[in-house]
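Subject: Structure handover and findings

Hello,

Here is the structure we discussed. Please open it first, then read the notes below alongside it.

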Amino acid sequence: MGDDESCTKPLGRWPVFYYGVGHMLNDITSACWFTYLLVFLTDIGLTPRDAAAVMLSGQIADAFGTIFSGELIDRFGHFKIWHAAGSLLVAISFSSVFGGCLLCKVVGTNSPITQTIGYSIFAAIFNIGWAACQVSHMSMVNCITLNPTSRVVLTSCRNAFTMVANLSLYAVALVVFNISKPRSSVDIKNQYRWIAYLSIFIGCCFVGIFLLGTKEPRLKHGIQGKVRLRVAWAYWFKKVLYYQVALLYVLTRLVTNVSQALLAFFVINDLQMAQSSKALIPAIIYICSFVVSIMLQEIKWTGKRLKVYFTVGSILWIVSGSAILILPSRMHALMYLLSTTIGVANALMMVTCISMQSILVGEDLNGCAFVYGSLSFLDKVSCGLALYVLESYQNPSAILHSCNLLLGCPSITRYGLGLFPACCSLLAVIVTCTMNLYTTKPKALTEPLLA
């Protein structure tokens, strides 16, 4: 009984902190991946379709990597080993994603098809390591504690450091873009290579803190030596809540990832803002998200409150997306105001959506990695396909034609950043209204978040 009680008590600040920093390497490289990969590849000469193909190859590799990682973690455990191995693979491969084309040097040609294949190979390797790190870290939440409120705190802290990671990236990018003025494709590659190297260094420092400060969860093997039976895949497929949470998670990821990937194109090509804005605007978004994530740690959570806060975040995105659709370039200063709204919306949606996954898992700990892996599979495939379709129809040279003082300049980027996330958010609100979220330990939800 003593062990049972200790696992349901709220966690202290340091265990929450050590866990929260564990995804920093993944987060900072992911921010660079979604914000700058398409920009980088098109700047060095690839067509938007070829650049999207590189991203799609990475997303597909990530999708299958999450499934296999989830299955193996459920079978063998050892979260920290999987996390460390994934982080090592990410650190080694990521610099090559934004570096020179290694396959081009081997083959001796810089043809578009060779560059596309060469960058796609390293994109796939990077995302396999990323998947192993992500699934192991996310599924640890349910095995660290049985306290539902502490699980939300862990998720909120993780999301807060996601914002720190993104802000670190944009700070680095802002310095690099201001110091270095590229005059050729070689200069562009050097710019992004420095951004990649510094991102890896920052992320690895925090991974070291996580590995040293976090203990291997013991709930995976049960309390007081009790063995928890492995949960079969079919068990989850019979639960309506699984499909609801899966759809909600995919829609949330589509909103955040697609908007992040298209934001740099929008502020530069559509709004005609300065080059520094492709670092400054995202930075404002993540500052707001960081502040909101910290504030969410001080709320006493219930299933109903999760639904309410998620709905508020979705409505904010609907409003923001509608404003982006009609924002003319001569009023581009309003993008700074919209970025604050987007930041708040992203934090509300991500923290609450991931916390709903913890409610879905409950105490079925030997199937938690499959849940996170399968949902991430759907997320990666859907985001990859969405960006590939949007980029395939991208035509930067046609943006300034057919401009309208009221509706701005119609473009695929504008529709992808405004209309697409707004529609996803609207559908997410509808799904949320159909959900029945409940917790098995309602008393624990009234305890302080950080003991």
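A salt bridge here is a side-chain nitrogen of Lys or Arg within 4 Å of a carboxyl oxygen of Asp or Glu. Keep that cut-off in mind for what follows. One caution as well: this is a predicted model.

**Overall make-up**

The protein chain has 16 helices and zero strands. Of its 451 residues, 58% are buried.

**Salt bridges**

How many salt bridges does the structure hold? It holds two.

One pairs Asp62 with Lys380, with 3.6 Å between the closest N and O atoms. This pair ties together distant parts of the chain. Asp62 sits in helix H4 (residues 48-76) and Lys380 in helix H15 (residues 368-392), 318 residues apart. Asp62 and Lys380 are both buried.

The other pairs Asp379 with Lys380. Here the closest N and O atoms are 3.3 Å apart. Through shared partners, the salt bridges join Asp62, Asp379 and Lys380 into one network.

Is Lys380 buried or exposed? The cut-off for buried is under 20% relative accessible area. Lys380 has 4% relative accessibility, so it counts as buried. Asp379 has a relative accessible area of 0%, so it is buried too.

Gly77 follows H4. The phi of Gly77 is positive, near 70 degrees.

Helix H7 (residues 112-144) has 33 residues. At 1.5 Å a residue it should span 48 Å, and its end C-alpha atoms are 48 Å apart, so the two agree. Why call H7 largely enclosed by the rest of the structure? Because 26 of its 33 residues are buried.

**The nonpolar core**

The largest nonpolar core has 128 residues. Which residues have the most contacts inside it? They are Tyr36, Leu41, Phe98, Tyr192, Ile195 and Met335. Helix H11 (residues 240-270) gives the most to this core, with 19 residues.

Setting aside residues up to four places away in sequence, Met335 touches Leu263, Phe266, Val267, Leu271, Ile281, Ile324, Leu327 and Ile342.

**Gln260 in H11**

Gln260 also belongs to helix H11. With 10% relative accessibility, Gln260 counts as buried. Its side chain makes a polar contact of 3.2 Å with the side chain of Tyr170. Beyond its neighbours within four places in sequence, Gln260 is in contact with Ala31, Phe34, Thr35, Asn166, Tyr170 and Tyr286.

**Ser293 and Asn159**

Ser293 is in helix H12 (residues 277-296). Asn159 is in helix H8 (residues 148-179). Ser293 has 0% relative accessibility and so counts as buried. Asn159 is buried as well, with a relative accessible area of 6%.

What does Ser293 contact, leaving aside its neighbours within four places in sequence? The list is Ser156, Asn159, Ala160, Met163, Ala347 and Val351. On the same terms, Asn159 is in contact with Ser293, Ala347, Met350 and Val351.

Asn159 and Ile294 are 135 residues apart in sequence. In space they are 8.8 Å apart, C-alpha to C-alpha.

**Cysteines**

The count of disulfides comes to zero. Cys143 has 1% relative accessibility and therefore counts as buried. Cys288, at 17% relative accessibility, also counts as buried.

**Where to look**

Begin with the network of Asp62, Asp379 and Lys380. Then go to Met335 and the residues it touches, including Leu263 and Phe266.

Best wishes

Methods
Residues are numbered from 1 along each chain as its sequence is written. This is a predicted model: local features need pLDDT of at least 70, side-chain atom pairs count only at pLDDT 80 or more; totals for chains, interfaces and linings use all residues. Side-chain values use heavy atoms; hydrogens and water are left out. Helices (H or I, at least four residues) and strands (E, at least two) are DSSP runs, numbered from the N terminus. The expected span of a helix is 1.5 Å times one less than its number of residues. Buried means under 20% relative accessible area, exposed over 50%, partly exposed in between (1.4 Å probe, protein chains only). A nonpolar core is a set of buried Ala, Val, Leu, Ile, Met, Phe, Trp, Tyr and Cys residues joined through side-chain atoms within 4.5 Å. Contact means heavy atoms within 4.5 Å. A polar contact is a pair of N or O atoms within 3.5 Å; within protein, one must be able to donate a hydrogen and the other to accept it, and residues adjacent in sequence count only if both atoms are side-chain atoms. A disulfide is a pair of cysteine sulfur atoms within 2.5 Å.
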